Amino acid sequence: MSEALNPETPEAVLDDAADQADEEEPIKQRKNGLYPGVSDELAENMKSGWADTELHGLEPIAQAARTAARRAALSARFPGERLVVPAGNLKTRSNDTEYPFRASVEYAYLTGNLTEDGVLVLEPTADGHQATIYLLPRSDRENGEFWLSGQGELWVGRRHSLTEAERLYGIPASDVRELPDKLREATGPVRVVRGYDAGIEAALTDKVTAERDAELRVFLSEARLVKDEFEVGELQKAVDSTVRGFEDVVRVLDRAEATSERYIEGTFFLRARVEGNDIGYGSICAAGPHACTLHWVRNDGPVRSGDLLLLDAGVETHTLYTADVTRTLPVNGTYSGIQKKIYDAVYESQEAGIAAVRPGAKYRDFHDASQRVLAEKLVEWGLVEGPVERVLELGLQRRWTLHGTGHMLGMDVHDCAVARTETYVDGTLEPGMCLTVEPGLYFQADDLTVPEEYRGIGVRIEDDILVTEDGNRNLSAALPRRSDEVEAWMASLKG
Ligand SMILES: [Mn+2]
């Protein structure tokens with residue numbers, strides 16, 4: 001990144017100016033002399049000579065009709081109340097660098113917009129709500145903010161004008177800088193989605209309660225349990241890119257062996273950034289015994305021939321839908337005897353889990369089906385004393401199965417996380433729900449209760465399953481799962 005104008009950053013220049021100027025005074029009324037190092041001549045020069053770049057004839061985004069329907073459902077649930085849904089702000093990484101911005105899922109779901117500092121407000125009307133999207137408008141050239149403010153377009157790039165935003169998102173747009181005052185002055189019941197925008201929350205602090213705000217958040221989490229056709233399409237796109245990312249990794253396993261797990265992480269990330277927005281979560285690139293560490297994201301270990309590679313990764317689309325796929329691959333292309341025995345058990349468990357995904361089934365059914373197979377294997381192998389019913393009742397298999405068998409998938413990898421127990425974990429599957437089925441077996445390297453040959457082996461197989469009208473569809477079926485098919489697939493890619 002480039003250095004700021006001499007010698008101070010634009011933020012520092014404006015801060016100095018703000019210190020010296022009346023806080024209420026707009027920037028354009030400040031005298032140029034207030035900006036240290038900027039001559040009157042330069043300030044005057046920078047005001048003009050810029051082309052009009054307003055974009056005309058923009059078409060609405062592909063999901064505009066969907067977001068309108070989602071806002072209508074929200075409106076119907078909270079009649080007569082003002083609803084405030086912020087996108088969130090940039091987060092500081094260190095000093096003056098920020099993490100890449102990711103809009104809140106609630107805001108993105110309701111608007112399709114992904115801009116930092118944006119806020120959706122639904123104002124109650126006689127027959128529902130009027131939505132307004134509050135955004136930072138284009139930079140003013142007259143008052144110098146274009147090049148002297150850190151949020152100026154010269155620094156961060158062109159923004160959409162409010163008129164352009166209205167066209168794209170199908171929602172009237174307004175200047176977000178005026179929103180805190182509007183909210184402070186507003187009367188009547190208000191709810192805000194908390195945790196994203198401290199400034200907006202501060203403006204509402206004496207108007208909202210945690211309990212009522214939580215109800216808004218729960219509604220928006222549960223609204224996302226069933227995906228519409230657009231969302232299913234985006235999930236399929238995410239999965240398709242992820243499949244290509246897994247192929248990329250297999251092709252470079254020799255280079256990973258020469259370096260580390262980081263080569264795998266970087267390879268998958270390249271695919272995610274080129275075809276999508278990002279990775280949907282930190283890629284788990286776990287070779288050898290690292291596979292037994294469920295959230296292994298350091299990815300700094302060696303990749304050795306003869307070991308397994310557990311790769312759990314997902315591409316996130318430009319609309320923020322993510323895949324979540326895991327394959328456990330033999331680094332040298334062939335499973336050893338004990339690796340295959342454990343792998344095939346997990347595969348059988350996953351098959352039982354996927355078969356239990358259908359409309360009308362309980363959400364817990366696929367978990368129970370998968371766990372039963374794993375418990376049967378562990379008893380059969382003599383690792384835990386049967387009968388299987390006793391193992392399941394006491395949960396003894398969990399020493400090696402460790403985690404739940406799946407979760408909802410969407411704009412969050414663990415989607416719908418604040419949905420109520422009765423609608424999610426204790427709920428019933430419906431067409432349009434999308435979930436992962438991901439059983440695993442993990443034998444820690446220091447687990448003295450299993451024979452030595454098991455130790456350090458971790459296997460997980462994870463696919464993204466859509467509940468359909470008559471059963472389910474495996475969105476990630478393009479990636480082989482059965483051990484012999486995995487070996488053949490790897491051999492074909494390594495050519
Ligand atoms: Mn998962």
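Guide: Two strands pair if DSSP finds at least two bridges between them. Helices (H or I, at least four residues) and strands (E, at least two) are DSSP runs, numbered from the N terminus. This is a predicted model, in which local features need pLDDT of at least 70 and side-chain atom pairs count only at pLDDT 80 or more, while totals for chains, interfaces and linings use all residues. Residues are numbered from 1 along each chain as its sequence is written.

Visitor: In which sense do β13 and β16 pair?
Guide: Strand β13 covers residues 434-437. V437 stands opposite D463 in β16. Over four bridges, the sense of the pairing between β13 and β16 is antiparallel.

Visitor: How many residues lie between β16 and β17 in their hairpin?
Guide: β16 also pairs with strand β17 (residues 471-474), in the antiparallel sense and over four bridges. T468 stands opposite G471 in β17. The number of residues between β16 and β17 in the hairpin is two.

Visitor: How many of the six residues of β16 are buried?
Guide: A residue is buried if 20 or more other C-beta atoms lie within 10 Å of its own, exposed if 12 or fewer, and partly exposed in between, with C-beta atoms placed from the backbone. Strand β16 (residues 463-468) is mostly covered. Its buried residues number five.

Visitor: What is the separation of the end C-alpha atoms of helix α13?
Guide: The expected span of a helix is 1.5 Å times one less than its number of residues. Helix α13 (residues 261-275) has 15 residues, so it should span 21 Å. The separation in the model agrees with that: 22 Å.

Visitor: Which strands are among the elements that cover the buried residues of α13?
Guide: The buried residues of α13 are E261, Y263, I264, E265, T267, F268, R271 and A272. Helices α11 (229-251) and α12 (253-258) are among the elements covering them. The strands included are β8 (278-279), β9 (284-287), β10 (308-313) and β11 (315-316).

Visitor: Which element gives the largest share of the side of domain 2 that touches domain 3?
Guide: Domain bounds come from an automatic or database domain assignment, which divides the chain into domain 1 (10-47), domain 2 (64-223) and domain 3 (229-494). Nine residues of domain 2 are in contact (C-beta atoms, placed from the backbone, within 7 Å) with 11 residues of domain 3. On the domain 2 side, α4 (105-111) and α10 (210-223) are the elements that give two or more residues. The largest share, four residues, comes from α10.

Visitor: Why does L216 count as buried?
Guide: L216 is found in helix α10. Leaving out residues up to four places away in sequence, L216 touches L83, R191 and V193. L216 counts as buried because its C-beta neighbours inside 10 Å number 23.

Methods: Two residues are in contact if their C-beta atoms, placed from the backbone, lie within 7 Å.
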